[in-house]
Amino acid sequence: MTSTHKSMESTARTVQQASQFKRWGRKHPFVRYGLPLISLTVFGAVGLAHLIQGSKEVTKEKEDMEWEVVETTKALSRTGPVEGAYKPKKLSLEEELKALQQKVDINSYDYKPIPRPNEK
């Protein structure tokens, strides 16, 4: 037998198997359409659950790290936050406005035109 004869036989066999598979798919449409859809849905749900679990673990690690910081600074006691352990700075809008006005003088400025893209 020559190699071309063998390749023609294997091609014919492949075509025959493909036509049998198509016929089988027509006889059993659930296997052709339903099974892939259901498996995609199930595996997608499992994959999403895995990703969400990873996100929950990252969040838990961050919370644990924050708790360790609180424990090391002894900012909490059994009854609640310890007074004086952490005092946020009191902010007033008027003080912030005065500080900003001292930094920036809005009455004296230089006019600088913005170059257009085609003028470069």
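These notebook entries record what I looked up in a predicted model of a single chain.

**Entry 1: fold elements.** I began with the secondary structure and found three helices and two strands in the chain. Read from the N terminus, the elements follow the order α-α-β-β-α.

**Entry 2: burial and surface.** I then asked what part of the chain is buried. Of its 120 residues, buried ones account for 3%. I noted an accessible surface of about 12,300 Å² for the chain, with 61% of that area belonging to carbon and sulfur atoms.

**Entry 3: nonpolar patch.** Which residues make the nonpolar surface patch? I listed F21, W24, F30, V31, L35, I38, V42, F43 and V46, which together form a patch of about 930 Å². Helix 1 (3-27) and helix 2 (29-73) are the elements that each give two or more residues to this patch. Helix 2 supplies the largest share, seven residues. I checked one of the patch members, L35, and placed L35 in helix 2. L35 counts as partly exposed because its relative accessibility is 44%, which falls between the 20% and 50% limits.

**Entry 4: salt bridge.** I searched for salt bridges and recorded one in the structure. The side chains of K60 and D64 form a salt bridge, at 3.4 Å from N to O.

Methods: Residues are numbered from 1 along each chain as its sequence is written. This is a predicted model: local features need pLDDT of at least 70, side-chain atom pairs count only at pLDDT 80 or more; totals for chains, interfaces and linings use all residues. Side-chain values use heavy atoms; hydrogens and water are left out. Helices (H or I, at least four residues) and strands (E, at least two) are DSSP runs, numbered from the N terminus. Buried means under 20% relative accessible area, exposed over 50%, partly exposed in between (1.4 Å probe, protein chains only). Accessible areas come from the Shrake-Rupley method with a 1.4 Å probe; for residues, only the protein chains shown count as cover. Patches are made of residues with over 30% relative accessible area and no salt bridge: like charges are joined within 9 Å, nonpolar side chains (Val, Leu, Ile, Met, Phe, Trp, Tyr) within 5 Å. A salt bridge is a side-chain nitrogen of Lys or Arg within 4 Å of a carboxyl oxygen of Asp or Glu.
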